[in-house]
Structure formats: C-alpha cells, structure tokens
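Please keep the model in view while reading the points.

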Amino acid sequence: MVGSFLNVVIHRLPKMMELGWQQQCAELRGEEPAAAPTYNLIVPRSACPHCNHAIGAWENIPIVSYLLLRGKCKGCGAAISPRYPIIEAISGLLCGFAAWHFGFGWTAAGALLLIWALLALTAIDFDTQLLPDDITLPLLWAGLLFNLSGTFTDLHSAVLGAVFGYLALWCVYWLFKLATGKEGMGYGDFKLLAALGAWMGWQMLPLIIMLSSMVGAVVGITLIIAARHGRNVPIPFGPYLAGGGLIALFWGQTLTQGYLQLLATS
C-alpha cells in the first residue's frame with residue numbers, strides 16, 4: 001500500500017516543484033501568478049494520463065490490479081508502466097525483510113521510513129536527475145531524531161555523519177569543478193549522503209561511498225559500451241547512494257567488521 005503511494009510521490013512531486021518554480025519566477029518578474037487548479041499529493045484524483053479515466057478503488061489495488069487489468073488502462077487500453085507494480089513489489093519485499101531483520105520495535109520502524117524515502121528518491125532521480133529537498137532534508141532530521149536514543153548509532157556519530165557526509169561530496173564537487181570547469185554532481189547528492197550519515201553514523205560513510213561508486217562506475221561504463229549513453233550524458237548518482245545506504249543499513253556492521261579483520265590478518 002505504501003509502495004502505491006510512493007508511485008504518486010514519484011510522479012507528482014517533481015511536477016509540484018516545477019509549478020512552484022514557475023510561480024516564484026512570476027513573482028520575481030513582478031507578475032501575478034496565473035491561477036492554477038489544486039495539484040498536490042492528494043488532489044486531483046488519480047487518472048489515466050492518456051484518456052483522463054478516473055482510476056477506481058478496485059483499479060488501484062497494489063500489484064493485483066495491474067495483473068487483472070493486464071497492464072492496460074480500463075478506459076482506453078493504453079499500456080500502464082510496469083514501474084508501478086515494480087515499486088510496489090520492491091517496497092513490500094524490502095519492508096518485509098526489514099521487519100524480519102530488525103524485529104518489532106523502533107529500529108524496524110526507522111528502517112521502513114528510510115526504505116520508503118530512498119525508493120522515492122531513487123525513482124525521482126532516475127526520471128528527473130533531482131533529489132527533492134522535501135524528502136532529503138526531513139530524512140536527515142528524522143535520522144538525527146531516531147538516534148537521540150541510539151536506535152542505529154549514537155547521536156555523536158549521527159551528527160558527525162551528517163556533517164562529514166555533506167562535506168565529503170561537497171569537496172569532490174569543488175575539486176572536480178576546479179579541475180574541469182564542469183559540475184560533476186548536484187547538491188542533492190550532498191544532502192542525501194548527509195542524511196545517510198545522520199541515520200547510520202560517520203563510520204558507515206566510507207562503505208556507502210565505496211559501494212555506490214563501484215556500482216555507479218559499472219553501470220556507467222556498461223551504458224557507454226552499449227552505446228545507450230554518450231560520454232557527456234549525466235548519470236544520476238542518487239540511486240547508487242541509496243543502494244549503498246540500503247546495503248549499509250542491513251549489512252554495514254558485518255561488512256565493516258569483516259574488512260577490518262581482513263586488514264588485521266593481512
């Protein structure tokens with residue numbers, strides 16, 4: 001059910017941001033913002049983007065409705081993106097695994113919140129190359145609040161994780177820009193890594209950066225070789241940070257301890 005709502009966030013939040021930017025630009029030009037119908041995460045009611053067919057309750061059952069409709073709109077027969085059931089399925093699987101992994105309690109509740117936010121950010125970044133502040137900043141504060149009682153790490157490590165997470169990619173950004181004159185990443189990546197540091201502590205930052213960089217490099221090289229991406233076409237880094245963060249959430253301590261033991265015996 002939450003995965004179904006995440007699909008709404010993924011589709012509508014970038015559009016809401018664009019509408020907000022247009023209104024701000026109009027105000028800066030001294031113009032009266034044009035009247036527009038209400039558009040948020042609740043209003044208007046979900047409808048087919050092709051024929052505007054209003055989606056009924058039975059057409060909105062996660063995964064099941066997609067299968068019953070055979071992936072097509074009831075009104076016009078247009079194909080429904082398979083991403084909708086994929087997000088719903090991934091959300092359910094990850095949340096079920098988190099509940100099993102952490103057991104009943106605040107740790108599992110925090111893991112669910114983090115998973116939902118990372119899923120939404122991943123899909124939005126893939127679509128628009130944006131990581132909205134409306135998600136990254138509350139996620140950072142939520143991580144600090146959960147760690148007031150040491151849910152995932154102590155508060156001292158969480159605060160340093162937020163600071164070092166932001167500064168790590170900020171430094172990479174400016175070094176790359178000074179060396180090449182180009183921007184290598186967006187500020188949203190800084191905020192996302194800061195949020196992950198706030199949730200898991202500064203000790204997990206090297207692991208998250210290493211995992212996300214490895215996966216990002218493999219995917220980027222693969223796309224270039226397959227001629228699906230030009231060398232100058234930007235590739236969003238947020239999804240790989242999110243993937244590294246999820247791995248660190250579940251297995252970070254195990255991986256870090258294993259690496260340190262390997263260094264000690266070598």
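This is a predicted model: local features need pLDDT of at least 70, side-chain atom pairs count only at pLDDT 80 or more; totals for chains, interfaces and linings use all residues.

1. Helix 5 against helix 7. Start with residues 133-146, which form helix 5, and residues 187-200, which form helix 7. Their axes lie 7 Å apart, and the packing angle is about 20°. Angles under 35 degrees count as roughly parallel. Helix 5 and helix 7 are therefore roughly parallel to each other. The crossing of helix 5 past helix 7 is left-handed.

2. Who makes that contact. Helix 5 contributes Asp133, Thr136, Leu137, Leu139, Leu140, Ala142, Gly143, Leu144 and Phe146. Helix 7 contributes Lys191, Leu192, Ala194, Ala195, Ala198 and Trp199. Sorted by class, the contact of helix 5 with helix 7 has 11 nonpolar residues, 2 polar and 2 charged.

3. Helix 5 on its own.

4. The buried side of helix 5. Which residues of helix 5 are buried? They are Ile135, Thr136, Leu139, Leu140, Ala142, Gly143, Leu144 and Phe146. These buried residues pack against helix 1, helix 4 (106-128), helix 6 (155-180) and helix 7.

5. Helix 1 against helix 3. Helix 1 covers residues 2-28, and helix 3 covers residues 83-102. The two pack at an angle of about 130°, and their axes are 8 Å apart. Helix 1 and helix 3 are therefore oblique to each other. Helix 1 passes helix 3 in a right-handed crossing.

6. Residues at that crossing. From helix 1 come Gly3, Ser4, Leu6, Asn7 and Ile10. From helix 3 come Arg83, Tyr84, Ile87, Glu88 and Ser91. The class count for the contact of helix 1 with helix 3 is 4 nonpolar, 4 polar and 2 charged residues.

7. Tyr66. This residue sits in helix 2 (residues 64-68). Tyr66 has a relative accessible area of 23%. Buried means under 20% and exposed over 50%, so Tyr66 is partly exposed. Apart from neighbours within four places in sequence, Tyr66 is in contact with Gly71, Ile80, Ser81, Pro82 and Pro85. Tyr66 and Ala158 are 92 residues apart along the chain, and 41 Å separates their C-alpha atoms.

8. A cis peptide bond. Where is Pro44 placed? Pro44 lies in the loop between helix 1 and helix 2. The peptide bond joining Val43 and Pro44 is cis, with omega about 0°. Please look at this bond in the viewer.

9. Ile63. The loop between helix 1 and helix 2 also holds Ile63. Ile63 is not a glycine, yet its phi is positive, at about 65°. Its relative accessibility is 32%, so Ile63 counts as partly exposed.

10. Arg70. This residue belongs to the loop between helix 2 and helix 3. Phi of Arg70 is near 55°, a positive value in a residue other than glycine. Is Arg70 buried or exposed? With 74% relative accessibility, Arg70 counts as exposed.

Terms used: Residues are numbered from 1 along each chain as its sequence is written. Side-chain values use heavy atoms; hydrogens and water are left out. Axes are lines fitted to C-alpha atoms, for helices over the stretch in contact, and angles run from 0 to 180 degrees between N-to-C directions. Helices (H or I, at least four residues) and strands (E, at least two) are DSSP runs, numbered from the N terminus. Angles under 35 degrees count as roughly parallel, over 145 as roughly antiparallel, 65 to 115 as roughly perpendicular and the rest as oblique. A crossing is left-handed if the near helix is turned anticlockwise from the far one by less than a right angle, and right-handed if clockwise. Contact means heavy atoms within 4.5 Å. Ala, Val, Leu, Ile, Met, Phe, Trp, Tyr, Cys and Pro count as nonpolar, Asp, Glu, Lys and Arg as charged, and the others, Gly among them, as polar. Buried means under 20% relative accessible area, exposed over 50%, partly exposed in between (1.4 Å probe, protein chains only).
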